[in-house]
Amino acid sequence: MATKVLHEIRDPIHTFIRVDAAERSIVDSEPVQRLRDIHQLALTYLVYPGATHKRFEHSLGVMELAGRVFDVVTDPRNLRGEVKEQFADIDTGGNRDYWRRVVRLAALCHDIGHLPFSHAAERDLLPEGWDHERLTVQLILSGEMKELWEKMTPPMRPNDIAKLAVGKKKMKDEQFTIWELILSEIIVGEAFGVDRMDYLLRDSLHAGVGYGRFDHYRLIDTLRILPSADSDEPQLGIEEGGLHSAEALLLARYFMFTQVYFHPVRRAYDMHLKDFLRQWLPSGIFGTEVREHLDMTDSHILQTMRSAQGDPTSKGNEAAGQILGRGHYRVLWKTNPPDLAQNPDAGSAIFEAAKVEFGEEAIRRDQHNPAGPVIDFPIKLYDGRTVSSLAESEVLANIPPAAIDYVFVQPELAAKARQWLDEKRLDVLDRSLAKE
Amino acid sequence: MDGAKRQAVILALLKELRERDSWCGETHVQKSAHFLQDGLGVPLETEFVMYKHGPFSFELRELLGELRTSHLLEVELKPPYGPRLKPTASGFALMDRFPNTISRYSRQVKFVADKLGPRDVLALEKIGTALYVTRQLPTATQKQRADEIRQLKPRVDKLTALAALREVADLLAEASSSGIEEATA
């Protein structure tokens, strides 16, 4: 019987995702299969019921897009001038096939280190210095996967996969060549990372909101490795014709963050989930051993949560009720320009004052700033010049950063606390402006 | 240095850079903050790594984003050029709340603004890379450091690398001789 060399997987975003036999061995590996049981957006489905999709299909989508971007940016017709000279050896000694496979496999594996419920618990429930990227690197380099990398033709260097899967930001001690930096940018780059492209399209589809859509076909087609506008080193950029799709991608990101990822009720559920896990996990945090990590999935936790909800003596009973019984905390305050003008640290001022008024247990704060100041990349103009995107697009330079600062209150105290804040707001904001 | 004090020092750096006609884009702030911390010992508590265009701190990038979302810093557009970063009125108010911290590091901040402020991005990239390598290889000769720069940035020729290293050594010596406490050559 003939062995199938190319496998097609149906996908709601990319229609077909094709994997060859070697890639299939990684798709079928335990770390990747585990992602079938990790919700992409944690408990977001309690707010947006359709958002029940998993990290598994996202990882396949990222692999598909990474391959497409690699093909476009390394196409000899798209490499020009000094950049072409700098990467002249791409078509020698099987380099192109090797690195194409590294890019696709790194993309497939980029999320295998995720904890149950993805990002929800990552910041607070891992030992100091650990995050999902470090777990991803550990798994890629582990004995479990080593054998699979070695079986490939040519054998894959696990460190190449790890570097591209998480990028320089998460492997600070590793030296990256410019080539490796550019390839990792294909996956995790701030501007055009395919991780971002896939999650915006996929989360938008499943959450049932249109905000995450943009013309990714056009965008990918115009991606190029370009000399930076004001530096010696090349980086990922676009041809001028792709500028509007790049703007649409970055606007999509802004809208998805403000409308979906930072939805206050979704964030409140994350908080209660962390409370539950803190009480339920034997040492209050997740372990980082490979086996322990692979055994921990969303189903396992949801099952214990349901048991805990029905048993008042069980660890995590209260938090389980807040999640499954929809008794989540309510928004008391959220960041806003007038309050920040009054006091740049308005969130802390209100949080501290509310705790004094209503008690430590009744008040919670959730603060997150995920982005840098502005995203800049080179654009190749029709006349051949390369310029900074921020010089060319007023849209890009004006997209506000998405960030949150919420103060939450217990549901029973919500009305009283809101009335208190209405009356005391100015006093609270002024009170904490002491000089050092 | 805690969060708010660190914000105040970065805003003071922006202010001093702008007063010296620095373009004050993100790259200028990144490279100046790198010199401030790794050259002159101001404890910004941020890690700089060798990235595409020289030393770069992902934490500082996040801090600049945080300053922007807190309306302490704004992005000033100057088409057809890139954006400049600028402290807002609230940013100045924050600096006013930390007079002791600002004053403790004021000489270092002004030194960096004087020396790096007028330079363009390419020059800052070279100085930054030379300082990074100097700190990474404290006991190496300048020639060995130049080789390391060539390793990290193959497109930089040896003479340029040596010139950048010499410039960094001169700047550190000048800082040291003018009594900026934390400076070490």
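**Figure 1. Helices α8(B) and α9(B) pack together in this predicted model.** Helix α8 (residues 142-152) of chain B meets helix α9 (residues 158-177) of chain B at an angle of about 120°, and their axes lie 9 Å apart. Axes are lines fitted to C-alpha atoms over the stretch in contact, with angles from 0 to 180 degrees between N-to-C directions. The pair is therefore oblique (under 35 degrees is roughly parallel, over 145 roughly antiparallel, 65 to 115 roughly perpendicular, the rest oblique). Helices are DSSP runs of H or I, at least four residues, numbered from the N terminus.

**Figure 2. Residues of the α8(B)–α9(B) contact.** Contact means heavy atoms within 4.5 Å. From α8(B) come residues including Arg145(B), Ala146(B) and Ile149(B). Leu162(B), Leu165(B) and Ala169(B) are among those from α9(B).

**Figure 3. Helix α8 (residues 158-166) of chain A is mostly covered.** Seven of its nine residues are buried (under 20% relative accessible area; exposed is over 50%, partly exposed in between; 1.4 Å probe, protein chains only). Among them are Ile161(A), Leu164(A) and Val166(A). The buried residues pack against α5 (95-109), α6 (132-140), α7 (143-151) and α9 (178-188) of chain A. Just after α8(A), Gly167(A) has a positive phi of about 80°.

Figure 4. The structure holds zero disulfides over all chains (cysteine sulfur pairs within 2.5 Å).

**Notes.** Residues are numbered from 1 along each chain as its sequence is written, and chains are lettered from A and ligands numbered from 1 in the order written. Local features need pLDDT of at least 70, side-chain atom pairs count only at pLDDT 80 or more, totals for chains, interfaces and linings use all residues, and side-chain values use heavy atoms, without hydrogens and water.

Conventions
Helix = DSSP H or I, 4+ residues; strand = E, 2+ residues; numbered from the N terminus.
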